[in-house]
Amino acid sequence: MSDNAITFYDIPSKNDILWSPNTWKVRYILNYKRIPYQTVMLEYPDIEPTMKKVGIAPTNTKPDGSPLYTLPAIWDPTTQSGISNSPLIAQYLDETYPDKPLVFPPGTRTVQEPWNDMIYWPMFTPLLPFLRPKTTWILNQPSADYYRKYKSAIKMEDLYPSGEQKVIEWKKVEAAFDKLSGWFGKEDGLIMGRGSGTPVPTFADFALGAYLMWLKAIFGQQSEEWEDIAVKWNSGRWGRFLKMLEKYEQF
């Protein structure tokens with residue numbers, strides 16, 4: 001690995017499953033641009049002290065007003081720059097490495113960034129009773145303890161639906177995917193550049209792909225839930241969408 005390789009900070013899990021949707025966005029982008037990088041895994045309690053030590057700014061504030069440090073984050077030794085937050089990292093990589101393919105083509109950032117909210121809140125709000133417990137259960141103990149403390153006041157085992165309630169909640173998830181599918185229309189394809197001959201992936205595509213990778217990781221590739229999402233719902237559209245990004249899962 002080159003001495004100039006970017007350091008990319010990610011969050012580990014049991015069995016080395018890459019799960020975090022926010023870090024997946026950046027992993028996809030680095031692979032797509034073919035920018036050399038090395039991955040450093042940080043458990044949740046280690047994120048803040050590491051970011052402070054490296055000199056990477058917080059992304060938000062906690063309810064008590066103190067700085068909140070989150071991943072993804074990168075450190076670029078070439079420019080001696082540390083960046084956090086996936087859209088800001090994407091913009092930085094576009095501007096710093098203009099010879100690489102852009103994920104925010106000129107004039108598209110204001111169109112693409114709202115997709116984060118358009119995808120996340122309508123689709124993932126119904127998923128939260130499933131996502132938070134399932135995510136907790138794949139994390140290593142230090143991160144799981146942190147996640148339990150900060151992500152839900154309700155015990156994760158009590159939050160996860162069961163029996164008839166699970167059927168009801170899962171129907172809400174299916175309805176959310178139906179709504180998302182309606183935005184796409186009938187044809188398969190990437191979000192940007194559809195119908196342009198040879199569409200190329202952009203930030204919005206990698207954001208959706210990252211959320212799908214999260215679901216695949218926490219439910220498991222062989223699970224009934226993932227089969228619903230990737231194969232059964234919307235005629236298998238989401239499995240095919242993820243397949244289009246498969247080449248960017250690794251460098």
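Student: What order do the strands of the open sheet take, and what is the pairing?
Tutor: The four strands run in the order 2-1-5-6, with mixed pairing. A strand here is a DSSP run of E of at least two residues, and a helix is a run of H or I of at least four; both are numbered from the N terminus. The model is predicted: local features need pLDDT of at least 70, side-chain atom pairs count only at pLDDT 80 or more, and totals for chains, interfaces and linings use all residues. Residues are numbered from 1 along each chain as its sequence is written, and side-chain values use heavy atoms, with hydrogens and water left out.

Student: What makes strand 2 and strand 6 edge strands?
Tutor: Strand 2 (37-41) and strand 6 (81-84) each pair on one side only. From one strand to the next, the twist averages 20°.

Student: How do you know that strand 5 and strand 6 pair?
Tutor: Pairing requires at least two DSSP bridges between two strands. Strand 5 (residues 73-76) and strand 6 have four, in the antiparallel sense, so they count as paired. Across these strands, W75 stands opposite G82, and I74 has I83 as its bridge partner. Four residues lie between the strands of this hairpin, where Q80 takes a positive phi near 55°.

Student: Which strands does helix 3 touch?
Tutor: Helix 3 (residues 86-96) touches strand 1 (6-10), strand 5 and strand 6. Touching means heavy atoms within 4.5 Å. The direction of helix 3 makes about 140° with that of strand 6. Such angles run from 0 to 180 degrees between N-to-C directions, with axes fitted to C-alpha atoms, for helices over the stretch in contact.

Student: What makes P72 and N15 stand out?
Tutor: Most residues other than glycine have a negative phi, and most peptide bonds are trans. The bond joining L71 and P72 is cis, with omega about 20°. P72 sits in the loop between strand 4 (67-68) and strand 5. N15 is not a glycine, yet its phi is positive, about 60°. N15 belongs to the loop between strand 1 and helix 1.

Student: Where do helix 10 and helix 12 meet?
Tutor: D205, L208, G209, L212, M213 and K216 in helix 10 meet W238, F241 and L242 in helix 12. Helix 10 (residues 203-219) and helix 12 (residues 237-244) pack at about 115°, with axes 10 Å apart.

Student: Why is one space called a cavity and another a pocket?
Tutor: On a 1 Å grid over the protein atoms alone, a cavity holds points where a 1.4 Å probe fits but cannot get out, whereas a pocket is open, with protein on both sides within 12 Å along at least five of seven lines. One cavity reaches 30 Å³ or more. Its lining is F184, D188, G189, R237, F241 and M244, and helix 12 gives the largest share, three residues. Lining residues have an atom within 4 Å of a point.

Student: How many residues line the largest pocket?
Tutor: The largest pocket has 38, with N22, L68, T70, L71 and K151 nearest its centre. By class, 22 are nonpolar, eight polar and eight charged. The pocket's volume is about 1,300 Å³, the space filled by probe spheres set on the points, which are joined across faces, edges and corners.

Key. Ala, Val, Leu, Ile, Met, Phe, Trp, Tyr, Cys and Pro count as nonpolar, Asp, Glu, Lys and Arg as charged, and the others, Gly among them, as polar.
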